[in-house]
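Let's start with one of its sheets.

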Amino acid sequence: AGHPVMEFGARRAHGIDAGIRAARAAYIAGFGSTSIVEAGKRFGIPLSGTMAHSWVMAFADEITAFRKYAEVFGEAVFILDTYDAVAAAKLVATSGLRPKAVRIDSGDQVAISREVRRIFDEHGLVDTAIVASGDLDEMRIAEIVAAGAPVDGFGVGTAVSTSSDAPALSGVYKLAEIERGGRAVPVLKKSPGKSTYPGRKQVWRVMRDGIAVEDVLALEGAQPPADAQPLLHEVMKN
């Protein structure tokens, strides 16, 4: 329906080369750009991308994360839903920052995009585009377009770079702890349906009579369950 689509599928593809070639295939099929720098270098595909949730979580507050990102990348695209997308939109709108676009990666993207658009328009950010991503496919995009949501473009990864009969595991590494000022600080993500547990973990396997009964996820340093052995061991340092 005239909206640009960006290819975001490298991390879901079955191997690095598959990810690069999926980006090429998507571009041939009509995608406007890819987030894979190597595919851009190799095939001349336009590049586009946004910050990761881990960038936001690495800073003590969201607005500092946005400012630092803009300082580094200039024409920035901010991700809004690490904690609360509407609250983040209000922060951006009153900060003096003028991002090229923002991305919504979870939740009710139709409702959230309408509220973000309203906030931005009220504060003069009429040229800041809204991009949606997060397990999108052609059916979900059609629903968002049909609903008249003020979404200017879409990022699609899993649905285009993996085969539906060879399913993708919907699992992602997320930042759980970071060192700030010489001390370890637990961090978490609050996105709807994608919230995370903060702090460094240990996984304990409970054994009884030589049989694995259950695994227990606990904070590192917590009292282990009875008859349990740790599954996480340091294998590499520095």
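## The antiparallel sheet

Three strands make an open sheet in the order β10-β9-β11, and their pairing is antiparallel. From one strand to the next, the twist averages 30°. Strand β9 (residues 201–208) and β10 run antiparallel and are joined by eight bridges; Lys201 has Leu219 of β10 as its bridge partner.

A word on terms: strands (E, at least two residues) and helices (H or I, at least four) are DSSP runs numbered from the N terminus, and two strands pair if DSSP finds at least two bridges between them.

## How to read the model

This is a predicted model, in which local features need pLDDT of at least 70 and side-chain atom pairs count only at pLDDT 80 or more, while totals for chains, interfaces and linings use all residues. Residues are numbered from 1 along each chain as its sequence is written, and side-chain values use heavy atoms, leaving out hydrogens and water.

## The parallel sheet

Another open sheet has six strands in the order β2-β1-β6-β5-β4-β3, with parallel pairing. Here β2 (33–34) and β3 (77–79) are the edge strands. Two bridges link β5 (residues 129–132) with β6 (residues 153–156), and Val131 stands opposite Gly153 in β6.

## Arg12

Arg12 sits in the loop between β1 (5–7) and α1 (16–29).

Key: Axes fitted to C-alpha atoms, helices over the stretch in contact; angles between N-to-C directions.
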